[in-house]
Amino acid sequence: MSAARAQLRDHLLRRRLAGDEIPTSRQKNLRSYRLFGQGDPTALMGLAPEGRWGPGAVLALMAERVGVDPDFGRGQGPDTIDPDRTLDALDRLADLLRAAARRRATVLTGTGHPNRLTAFHTSLARALEAAGCTLLTPARGLRFREPTPQGERSCALDYRGPVAVVRGLDGGSARGGRLDRGADDLLHTHSAQPVRLALAELAGAGQPLPGLVLGDHGWLCGAGRLGVPAGGLADSNDPAPFVGEAEGTVAVAVPVDDGSPPECYRPLSDYVLQRADLAPYKE
């Protein structure tokens with residue numbers, strides 16, 4: 001094992017991004033797998049699975065790809081993300097970035113975890129830009145209604161640097177016809193609607209689809225469903241990206257806890273950029 005890989009493995013375990021006691025509970029994981037098997041839209045994240053994925057099949061896949069406990073009879077306590085599976089997937093993500101940099105691809109980046117993962121995605125996107133890739137920011141300010149289990153909410157597509165995020169408008173964040181630029185109205189979302197809207201605007205303007213989408217949640221599944229290579233992070237309670245990866249829809253899904261403080265992910269982005277032969281982006 002290389003020194004960089006060993007150092008990052010220690011970081012994953014120390015910050016509980018992977019390991020035997022990740023923050024996501026066993027109960028939450030199993031509930032998500034059941035919802036996915038039932039076709040719940042929030043769990044599907046825009047994916048349209050080709051195969052039949054009952055809860056047992058989902059658990060077996062997550063045990064294989066993520067390292068969660070394969071025993072459906074154990075429903076309590078912590079669950080597991082295998083740090084070596086995380087590292088292997090980060091290596092695959094680096095390969096994806098290296099290929100994009102070599103062909104100077106156009107890149108679209110978005111997140112459903114705006115207060116957690118924006119910095120991670122920004123680091124990758126800016127490094128690709130420095131390598132000659134073009135970063136896309138379509139549909140900025142586009143307003144839409146997003147369905148949720150609690151009902152529809154008014155939203156707008158916005159960008160923090162090169163990373164697309166969703167802002168909530170129901171709380172009065174539209175001020176004088178402008179979007180509030182603060183962070184309090186940024187929304188956590190599983191929806192693929194934002195990436196569909198962004199890609200639709202590109203198509204409407206006669207522009208080709210991106211050569212790469214970096215993201216998580218619906219950004220991975222929604223882009224992959226439309227045939228765009230997509231890669232990024234996915235938690236143990238989010239089976240959709242891993243099902244998409246298994247079926248060839250999503251290019252790379254990296255198993256890792258996705259709810260930790262933003263600074264926890266900087267060693268991951270630095271590792272990916274080093275593996276991709278791209279200098280780690282510095283602010």
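Hi everyone, and thanks for coming. One thing to keep in mind from the start: this is a predicted model.

Let's begin with the strands. Strand β4 covers residues 153-160, and six of its eight residues are buried, so the rest of the structure largely encloses it. What does β4 pair with? On one side of the story there is β3, residues 143-146, which pairs with β4 in the antiparallel sense over four bridges. If you want to find that pairing on the screen, look for Glu-146, which stands opposite Arg-153 in β4. The two strands make a hairpin with six residues between them, and Gly-151 in that turn has a positive phi of about 115°.

Then there is β5, residues 163-168, which runs antiparallel to β4 and is joined to it by six bridges. Here the pair to look for is Cys-155 and Gly-168, the latter in β5, standing opposite each other. The hairpin of β4 and β5 has two residues between the strands, and Gly-161 takes a positive phi near 65°.

Now, on to the nonpolar cores. Which residues touch the most other members of the largest one? Out of its 60 residues, they are Phe-36, Leu-93, Leu-97, Leu-128 and Leu-268. Helix α5, residues 83-102, supplies the largest share of this core, with nine residues. Let me pick out Leu-97: beyond its neighbours within four places in sequence, its contacts are Leu-124, Leu-128, Leu-214, Val-272, Leu-273, Ala-276 and Leu-278. Another core, of 21 residues, lies apart from that one, and includes Leu-136, Ala-192, Ala-198 and Val-213.

Next, the largest pocket, which holds about 880 Å³ of space. Its lining has 35 residues, and the closest to the centre are Thr-42, Ala-43, His-188, Thr-189 and His-190. What sort of residues are they overall? The lining divides into ten nonpolar, 15 polar and ten charged.

Last stop, helix α8, residues 217-225. Eight of its nine residues are buried, so this helix, too, is largely enclosed by the rest of the structure. The buried ones are His-217, Gly-218, Trp-219, Leu-220, Cys-221, Gly-222, Ala-223 and Gly-224. After α8 comes Gly-227, with a positive phi near 90°.

That's my tour, and I'm happy to go back to any part of it.

Definitions and conventions. Residues are numbered from 1 along each chain as its sequence is written. This is a predicted model: local features need pLDDT of at least 70, side-chain atom pairs count only at pLDDT 80 or more; totals for chains, interfaces and linings use all residues. Side-chain values use heavy atoms; hydrogens and water are left out. Buried means under 20% relative accessible area, exposed over 50%, partly exposed in between (1.4 Å probe, protein chains only). Two strands pair if DSSP finds at least two bridges between them. A nonpolar core is a set of buried Ala, Val, Leu, Ile, Met, Phe, Trp, Tyr and Cys residues joined through side-chain atoms within 4.5 Å. Contact means heavy atoms within 4.5 Å. On a 1 Å grid over the protein atoms alone, a cavity is a set of points where a 1.4 Å probe fits but cannot get out, and a pocket is an open set with protein on both sides within 12 Å along at least five of seven lines; lining residues have an atom within 4 Å of a point. Grid points are joined across faces, edges and corners, and a volume is the space filled by probe spheres set on the points. Ala, Val, Leu, Ile, Met, Phe, Trp, Tyr, Cys and Pro count as nonpolar, Asp, Glu, Lys and Arg as charged, and the others, Gly among them, as polar.
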